[in-house]
Amino acid sequence: MSQPLPQAQPTPADDPLARVTQGEYQWGFVTPIESEVAPKGLSEDVVRFISAKKNEPAWLLEWRLKAYRAWLSMREPTWAKVSYPRIDYQAMSYWAAPKSAASRPKSLDEVDPELLKTYEKLGIPLQERAALAGVAVDAVFDSVSVATTFKDKLASLGILFCSFSEAVREHGDLVQRWLGSVVPQGDNFFAALNSAVFSEGSFVYVPRGVRCPMELSTYFRINAAETGQFERTLIIADEGASVSYLEGCTAPKRDENQLHAAVVELVALDDATIKYSTVQNWYPGDREGRGGIYNFVTKRGACRGRRSKISWTQVETGSSITWKYPSCLLLGDDSVGEFYSVAVANHRQQADTGTKMVHVGKRTKSTIVSKGISAGRGQNTYRGLVKVMPGAEGARNHSQCDSLLLGDRCGAHTFPYLEARNPTAQVEHEASTSKISEDQLFYLRQRGISAEDSVSMIVNGFCKDVLRELPMEFAVEARKLLGVTLEGSVG
Amino acid sequence: MTLSIRDLEAQVDGKPILRGLTLDVRPGEVHAIMGPNGSGKSTLAYVLAGRDGYEVTGGSVAWGGKDLLALAPEERAREGLFLAFQYPVEIPGINNATFLRAALNAQRKHRGEAEVDAMDFMALAREKARLLEMDDRFLLQRNVNEGFSGGEKKRNEVLQMLVLQPRLSVLDETDSGLDIDALRVVARGVNALRDGVRSFVVITHYQRLLDLIVPDVVHVLAGGRIARTGGRDLALELEKQGYAFLGATGAAATAPAASARPGGSGAR
């Protein structure tokens, strides 16, 4: 997948807003670990190869093959406001595992030191941070999970937190019961692709009445060249359970594009709460739009139970293309869905992101807060659907979509769709688009604050309503990331 | 430090506004600048602070011997120049205290001083806020100028001035829109900074401010130049007679002002 995009014009040096956009990607290193890679291309044989590699039960192979067949009959969606060269699905490899995977590490001590160094470069000193912050980290390196910490403590509460492969082996009944229950194999083109070839991911089950005492965290990282990463995450909160899950992503710098098509499914039963937070920092490509991750992700949560609640918070600063709509199916009466999003499109990045809130149960309630930031030649689109079904008596939604433009060559677009089929529904939508104002910048600079810090401050202020939804530790990172991402946009 | 403005010329959108302005402000002095609308008062303030779009086409400005015009706005601020804005801008989502502490620490860092931690900062800011009869909410619960009334915004400007302790303060119509009580509070803040070393350029339309912040020198700006310079009496005279002496357009602003200049300071 090469990326023949037109050249960017040189940025006028005297444009103060132009400089923020010159920050370089800081996480662009490649870890020299030998990978075992499947032959390029996708076929039933490749699906069988992956399933066999993972020693999967027959039902899962059948499940994958069903997805593969569905995928064959589907077309890549074109409705998103993004443009990219045609992806050749036969030109990439669908399986890569570090070679040392033959003897899978059982603890951090057994983890390849090169891998641990990678995590350190990412600013994730696994052991210290996990211990200090009380975070249980399930780190995914390419396709094989390398370390799971705090598992014993969680296990004593009956909480299952493990890699997807382990879940298939150890908790096959739970996986079989819930896999595809929220995002079926044939849901959409990318979800079908994921369902056929997914290799790794995370699995969480919180039993009845248990509140998970720590934030669960997974860092994903794409390392091997020309491999897509297809993780699969499944989180189930049983009746009265609650859990907060954090996901961070980074990928090394390469000239080719890489595909990332993940699926995340959340299930909340009666009175259960799931909070899912993402800081997505995949490689965004360079200033001219060369390279970068294609992030085509399907995330959906089902509030199956009464009074259940699912809350998505995302800070999307990376990827060259983002196609992502974390959604909530509000099935249970009085269930609650939330979507808080910050999306940044800088240089040549394109983001088409938003949410779907489907109100089925009575008195269901949803909140959408979307903050889009466009800089350089970035294009940022909010696309949202609020759908109130006939039986959703007394449903309520409030949507707030704000766009901030840095410079005059970027774009912000808002597509809010609304379908209310119940006359008692109350749906509100507010939207605003503003340019970062010279007045604000000058005001901060006149007080002695540097131009870059001023931009960072204004952007953070703009995103405040979303950032405060993030767990404390993550919020600090997200703030830094926003600053770094937009570094050089202003002078 | 002395501010030396020589034959300053500046334009906005290609239109000349300042046309050869010369002014010296020595340490400890308070200079009032009055003049009709459009005479270039606010332009002078923005040119000194380094705002984009205010293009200097001639002359020079030295601040303590340094070429002020060569510095970026934040560098000028760190060198001790403070502009109290006529229309302070709102910055949503940024806590007033967070902003002000960031500004103070940026300036301290420039001077090679240690950063002020959150506790010490709050103690300092509270003390200054009390002087201006502002309560803690302005610091802790409010975002920068967001939803402030006109008067609150002006007080917030003076609060920033008191915390940052600038060596040269330029007040751009800080009195506009203030009632007499608010005016007294603001003047008290400014006067608290007068220590014989810090200097002030006070831009105003109204003599009543000068009853409270007593200037050493009063200038009348017209047609982009200093048209007259005098002592306090000049402001009183202007209040009685207006700017009629300047002629209809202020073009008569070339009238020699030397006779009105008090010894030792003011325009030349």
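**View 1. Burial and overall form of chain B.** Of the 268 residues in chain B of this predicted model, 47% count as buried (20 or more other C-beta atoms, placed from the backbone, within 10 Å of the residue's own). Chain B has nine helices and twelve strands, which are DSSP runs numbered from the N terminus (helices H or I, at least four residues; strands E, at least two). The radius of gyration of chain B is 18 Å, close to the 18 Å given by the globule rule for 268 residues, so chain B is as compact as a globular protein of that length. That radius is taken over C-alpha atoms, and the rule is 2.2 Å times the number of residues to the power 0.38.

Local features need pLDDT of at least 70 and side-chain atom pairs count only at pLDDT 80 or more, while totals for chains, interfaces and linings use all residues. Residues are numbered from 1 along each chain as its sequence is written, with chains lettered from A and ligands numbered from 1 in the order in which they are written.

**View 2. Helix 1 of chain B.** Eight of the nine residues of helix 1 (residues 41–49) of chain B are buried, so this helix is largely enclosed by the rest of the structure. Among them are Lys41(B), Tyr46(B) and Leu48(B). Just after the helix, Gly50(B) has a positive phi of about 90°.

**View 3. Where chain A meets chain B.** In chain A, 20 residues are in contact with 20 residues of chain B (C-beta atoms, placed from the backbone, within 7 Å). Helix 10 of chain A gives the largest share of chain A's side, eight residues.

Conventions:
Buried ≥ 20, exposed ≤ 12 C-beta atoms within 10 Å, placed from the backbone. Contact = placed C-beta atoms within 7 Å.
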